[in-house]
Amino acid sequence: MNWVWLIAAVLIFYSDQMGVQGRCKSQSTCSACVSTEGCAWCKMRDFLIPGEPTKHRCETKDNLKMRNCSEVIDPKPSAHADRDEPLGSNRGRVVQLQPQKLHIKLRVGVPHTFDVMFKRAEGYPIDLYYLMDLSFSMKDDLENVRKLGHQIVSALKDVSSSVRIGFGCFVEKAKDPFISTVEETKKRPCNKSFKGPCQPSFSFKHVLNLTEDVAEFKTRAEKESISSNIDNPEAGFDAIMQVAVCQDEIGWGDVTRILVYTSDNTFHLAGDGKLAGIYYPHDGKCHLNSEGVYDMETHFDYPSVAHVAEALSANHIMLIFAVTKDHIEQYMAVSELIPQSVVGVLEKDSSNVVQLISKAYDDLLSTILLEHHRVPPGIDISYVSQCSDGTHSPRQRRGACNHTMINEQVNFTVTLNSSACLRQPTSFILKVQGLYEELLVTVETLCSCDCNDTERFSPECNGKGTLTCGICNCDEGRMGQSCECDTQEHKDSMFALDKMCISPNSSQPCSGHGSCLCGQCICNGHLRGLYCQCDDTSCNRHNNLICAGNGKCNCGTCECNPIYSGPACECSTLTDQCHTGGGGLCSHNGHCKCNKCHCQPDFFGRHCSEIKAPCIKFKPCVLCAVANEEDCKHTCGDIKLTKVNESAILVCFEDTVHYDVKTDKADGSIRILYVPKSSKMYVVYLLISTASGGVVVIGLVGIIICKILLEIS
């Protein structure tokens with residue numbers, strides 16, 4: 001499936017490129033042009049036509065080529081590896097991250113990609129610092145830890161040729177209310193029933209520098225004794241901070257760094273120190289005295305989780321919390337906030353600590369997280385991960401691969417994009433979380449032009465200026481595309497020339513739609529006029545056509561063709577579509593407007609020949625005629641009434657007459673066809689209807705009576 005991801009990456013790249021090529025905001029100088037997203041500059045001497053603005057040299061590369069520009073300035077992004085040592089052992093050192101130094105040149109808005117490879121090396125040296133809680137509840141654990149140094153080193157030597165181990169311990173800040181300040185109890189804080197050695201409480205003590213001497217670990221651990229405090233939480237975060245920032249004192253090397261934190265209780269957080277009157281936030285610096293004791297414990301508050309996480313990350317230290325199951329949830333929550341940290345369940349007497357460290361080490365090293373640090377503003381970074389198990393990720397804010405074993409290579413495609421010019425080359429780093437190795441990336445943006453065509457007193461500039469990048473930089477007192485304007489002829493020089501380009505109704509030269517050249521307006525695009533005040537695309541539209549396609553736009557007003565009128569020339573002056581067969585317009589039942597019939601209220605249809613509700617409208621006229629009234633003129637007007645035989649099909653029905661209304665399509669006249677119904681026939685109809693109704697009524701009454709009798713019975 002690798003080819004699928006390759007195609008996807010290519011499509012994404014070209015879509016980015018097409019997006020960039022499709023947009024360019026023109027600029028008037030070459031440097032400003034190449035600093036603008038999607039733009040290129042044409043330095044060809046005779047590229048512009050006389051009077052054309054200089055900014056037309058700045059366009060997309062495709063547009064410049066379409067205009068036959070043969071000299072295009074379009075700087076290309078590039079990347080050069082200053083150090084690119086291959087993965088594996090090289091000259092006595094192990095290389096896990098490739099490359100190590102890159103120099104990249106970026107164009108604004110043009111993405112650039114490069115590859116980063118990582119392979120976890122077998123036998124990579126390990127520094128492990130064992131940090132132990134020496135509060136009274138850990139007395140059984142201390143006895144076991146004294147014997148564990150050799151076992152821990154042996155377990156880690158299965159994956160590394162060189163292992164060093166160090167040791168430190170913590171209890172609590174020596175201040176009320178965290179400990180008892182009664183002098184006797186302060187010297188020996190342990191329970192009186194405990195007969196073993198017991199030392200005063202302390203926040204952190206560095207006991208043993210990182211060393212390969214396992215026997216020394218055992219010797220120094222045996223010299224430490226248990227201590228005690230009053231409250232349950234411990235000063236563990238004070239200890240972690242000092243182990244992380246005291247690089248020289250601890251003896252950390254440029255290797256895999258692991259801190260093992262063991263405790264059977266919770267921890268104090270930033271702000272808890274106020275209970276003892278300690279208000280100063282932790283400064284994140286090393287404060288170990290000559291005996292390795294943290295001597296500012298009563299001056300600085302406990303550090304926050306975020307501060308601890310920052311210190312561990314900055315010093316490339318991975319953290320293993322080995323804690324009892326009673327407090328596993330608290331440490332799991334903290335671990336989610338600290339990169340490259342895991343939590344394991346510690347037995348009550350720390351008997352399983354070797355197995356716990358071995359498993360946690362495998363879990364930490366199998367997760368590869370590639371991140372960036374100190375990236376300058378304006379630079380955006382994204383990652384596509386290609387993991388050793390064949391999985392690929394979409395673009396993300398960091399590279400990530402899980403379940404990566406030793407000697408398995410993972411690849412990351414990193415994409416950089418700049419949204420603004422950098423003043424000078426700037427560096428940032430990429431590194432894998434928890435490892436000392438890093439990739440140093442130096443970035444500069446291509447925001448200047450070196451056209452190599454500078455010519456003093458150039459003929460292109462009429463000998464009155466210097467030609468650079470295809471444009472004239474005119475000498476003092478001259479201006480124009482070819483320095484053709486003598487500004488000294490005008491009292492106020494350029495201001496006087498600009499004033500000649502300003503219309504009485506505007507405050508901008510050329511109405512803001514062009515450039516003023518020697519007192520004359522050079523208009524942009526389709527604009528025209530003495531002051532570029534005419535826009536022949538601003539006229540009214542009809543059917544999305546300027547002037548409906550039936551005229552031309554003249555400075556914002558439609559000038560219609562002879563047979564059209566209206567603000568958008570949308571109205572035809574012809575009447576051929578309104579004529580009916582007899583020569584009348586709209587059947588004499590409406591008027592013709594824009595060659596279309598507009599009917600009177602009682603008529604409809606293309607030629608207003610259809611009548612709305614004819615049966616109701618002409619009922620009075622028909623009834624008048626059937627009643628043999630001599631004068632129905634006031635009711636019927638010019639309507640023609642025609643009596644037909646009873647076999648005619650008529651659609652309007654009354655008791656004494658059936659009728660139909662017709663419209664003559666030739667002249668629009670109305671004609672009524674009718675058939676009178678005799679009174680005898682009406683009586684017959686009435687008798688039949690009455691009889692039928694009576695039968696129905698009698699039947700219903702009979703059914704009701706039967707129902708009532710049935711209910712009574």
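1. The side chains of Arg107 and Asp74 form a salt bridge, 2.7 Å from N to O; the term stands for a side-chain nitrogen of Lys or Arg within 4 Å of a carboxyl oxygen of Asp or Glu. This is a predicted model, in which local features need pLDDT of at least 70 and side-chain atom pairs count only at pLDDT 80 or more, while totals for chains, interfaces and linings use all residues. Residues are numbered from 1 along each chain as its sequence is written, and side-chain values use heavy atoms, with hydrogens and water left out.

2. Arg107 sits in the loop between strand 8 (101–106) and strand 9 (112–119), and Asp74 in the loop between strand 3 (72–73) and strand 4 (78–83), so the pair ties together parts that are 33 residues apart in sequence. Helices (H or I, at least four residues) and strands (E, at least two) are DSSP runs, numbered from the N terminus. Both Arg107 and Asp74 are buried; buried means under 20% relative accessible area, exposed over 50%, and partly exposed in between (1.4 Å probe, protein chains only). Asp74, Lys76 and Arg107 are linked in a network of salt bridges.

3. The whole structure has 18 salt bridges. One of them joins Arg257 to Asp254, with the closest N and O atoms 3.8 Å apart. Arg257 counts as buried because its relative accessibility is 2%, whereas Asp254, at 48%, counts as partly exposed.

4. The largest nonpolar core has 40 residues, of which Leu128, Tyr130, Ile152 and Ile320 touch the most other members. Such a core is a set of buried Ala, Val, Leu, Ile, Met, Phe, Trp, Tyr and Cys residues joined through side-chain atoms within 4.5 Å. Helix 11 gives the largest share of this core, eight residues. Apart from this core lies another of 33 residues, including Phe237 and Val334.

5. Ile320 has contacts (heavy atoms within 4.5 Å) with residues including Ile258, Val342, Leu356 and Leu364, not counting residues up to four places away in sequence.

6. Strand 37 (residues 590–593) and strand 38 (residues 596–599) run antiparallel and are joined by four bridges; strands pair if DSSP finds at least two bridges between them. Cys592 stands opposite Cys597 in strand 38. The two strands form a hairpin with two residues between them, and Cys594 in the turn has a positive phi of about 55°.

7. In helix 16, Lys707 and Glu711 are four residues apart, which means a separation of about one helical turn. The two form a salt bridge, the closest N and O atoms being 3.9 Å apart.
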